[in-house]
Amino acid sequence: MTNAAQPLTDRPDPAVIAAQNDAFRKLACLGIAPEAPIQGRMHVTRSLMEAGDGFMAEAVNVTGAFDTFEPENDPEGWHDFGAVEIQGETVFWKIDLYEADSDFRYGAEAPDNPETTIRVLTIMMARDW
């Protein structure tokens, strides 16, 4: 009989969540359809909308194309946050995961399950944080 350590099966797989977050971000920002359906919505802050001169469109496009994930900005490996520079301004984006039928009141119990998780992508000026 061996006492080999068993992997924790009740913990979500960060690589699965990262792939789903990337797919949702590309769908929401770039219109690139994912292989499997992913529920979610995108919000932008008022200051981002009021920035003018195509700023919001550029922020959305750059957010969709973002792929610079490092341990400093992605410690859990979920690809759920990023910061980009646009026209000299810092723009943050963040993906929050909720239980699909909770009216955005409860965090996702199984964040790696796209059938029970809804994503909310918020794009904002850093000063809105």
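This is a predicted model: local features need pLDDT of at least 70, side-chain atom pairs count only at pLDDT 80 or more; totals for chains, interfaces and linings use all residues.

Visitor: How many aromatic pairs does the structure hold?
Guide: Seven aromatic pairs. Rings of Phe, Tyr and Trp (its six-membered ring) pair if their centres lie within 6.5 Å; planes under 30 degrees apart are stacked, over 60 edge-to-face, the rest tilted.

Visitor: Why is the pair of Phe69 and Trp93 edge-to-face?
Guide: Because the planes sit at 85°, with the ring centres 6.1 Å apart.

Visitor: And where are those two in the chain?
Guide: Phe69 is in the loop between helix 3 (55-65) and strand 2 (81-86), while Trp93 is in strand 3 (residues 89-99), 24 residues apart. Helices (H or I, at least four residues) and strands (E, at least two) are DSSP runs, numbered from the N terminus.

Visitor: Is Trp93 buried or exposed?
Guide: Buried, at 0% relative accessibility. Phe69 is buried too, at 19%. Buried means under 20% relative accessible area, exposed over 50%, partly exposed in between (1.4 Å probe, protein chains only).

Visitor: Which residues form one aromatic cluster?
Guide: Phe66, Phe69 and Trp93.

Visitor: New topic: what about Phe92 and Trp129?
Guide: Their ring centres are 5.8 Å apart and the planes at 90°, so that pair is edge-to-face. Phe92 lies in strand 3 and Trp129 in the segment after strand 4 (117-125), 37 residues apart in sequence.

Visitor: Trp129, buried or exposed?
Guide: Exposed, at 63% relative accessibility, whereas Phe92 is buried at 18%.

Note on methods: Residues are numbered from 1 along each chain as its sequence is written. Side-chain values use heavy atoms; hydrogens and water are left out.
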